[in-house]
Amino acid sequence: MSAPGEHRRLREQLGWYALGHGTPEERAGVRAHLDGCAACRAELAELTPLTAWLDRVDPDRLDDRPAPPPGLGDAVLARIAAERPRRASSRRALAAAAVVGVAAAGFGIGWLARPVPDPLPLEPVAVQAGPGIEATADVVPHTWGLEVRLTGEGFTAGAVYRVVVTDEDGAAVPAGQFLGVGPAELRCNLNSSVLREDAAGFRVVAADGTVVASSEL
Ligand SMILES: [Zn+2]
């Protein structure tokens with residue numbers, strides 16, 4: 001049963017009310033309006049988790065700021081950011097407002113500005129596979145060595161296979177092991193310390209030493 005003008009005026013004061021500011025008379029006025037205005041009560045309920053979050057912000061350790069509550073709207077953040085330094089001048093309040101400003105801006109532009117990783121330079125290679133096995137592979141030339149991305153079917157379920165990358169001198173360098181999963185598709189990334197320019201190929205070796213798949217690079 002409150003006048004529209006009073007509602008507009010008090011609605012703008014909910015921010016500092018939620019932060020515990022205002023004279024006793026001002027706070028009593030807000031409370032009296034809240035008793036009769038469901039819209040303002042709902043808005044206050046929305047602001048309260050935010051003020052609890054702001055109070056945990058340590059201005060000396062802004063990088064360790066706690067995550068904002070989920071679902072916090074940009075509009076609410078921006079309003080609190082604008083309101084807080086005007087109503088409270090402590091260093092903590094100013095720092096918190098700065099954090100909220102950064103957070104509000106981040107919500108808006110973070111998605112667009114996020115770094116997009118370069119696609120990996122995958123190099124498809126031919127794989128010769130033994131009976132019952134189908135396999136394809138890509139290799140990735142990392143600075144630390146060659147990665148083999150193996151996709152295949154027909155590796156005996158439960159059997160251990162090891163993968164070696166061979167270098168130009170014929171040495172076989174371990175690149176890891178995997179368990180066969182039978183007819184299901186197996187996708188496995190194997191890493192070796194052989195650089196791409198030194199790598200001559202790779203082999204997939206069964207437990208009995210049989211080479212079941214191989215590739216020349
Ligand atoms: Zn109201």
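In this predicted model, Val139 stands opposite Val148 in strand 4, and Val139 is also the bridge partner, in strand 3, of Glu123. Strand 3 and strand 4 form a hairpin with two residues between them. Further along the sheet, Gly152 is placed opposite Leu186, a residue of strand 7.

| Strand pair | Sense | Bridges |
|---|---|---|
| strand 1 and strand 3 | antiparallel | three bridges |
| strand 3 and strand 4 | antiparallel | nine bridges |
| strand 4 and strand 7 | antiparallel | six bridges |

Taken together, four strands form an open sheet in the order 1-3-4-7, with antiparallel pairing, and its edges are strand 1 (123-125) and strand 7, each of which pairs on one side only. When direction is ignored, neighbouring strands of this sheet are turned against each other by 25° on average.

The largest nonpolar core has 26 residues, and those with the most contacts inside it are Phe178, Phe202 and Val204. Among the elements that give two or more residues to this core are strand 3 (134-142), strand 4 (145-153) and strand 7 (186-191), together with strand 6 (172-179) and strand 8 (199-205). A second, separate core of ten residues includes Tyr17, Leu34, Cys37 and Cys40.

Returning to Phe178, and leaving aside its neighbours within four places in sequence, the residues in contact with Phe178 include Leu150, Leu186, Cys188, Leu190 and Val204.

Technical notes:
Residues are numbered from 1 along each chain as its sequence is written. This is a predicted model: local features need pLDDT of at least 70, side-chain atom pairs count only at pLDDT 80 or more; totals for chains, interfaces and linings use all residues. Side-chain values use heavy atoms; hydrogens and water are left out. A nonpolar core is a set of buried Ala, Val, Leu, Ile, Met, Phe, Trp, Tyr and Cys residues joined through side-chain atoms within 4.5 Å. Buried means under 20% relative accessible area, exposed over 50%, partly exposed in between (1.4 Å probe, protein chains only). Contact means heavy atoms within 4.5 Å. Two strands pair if DSSP finds at least two bridges between them. Axes are lines fitted to C-alpha atoms, for helices over the stretch in contact, and angles run from 0 to 180 degrees between N-to-C directions.
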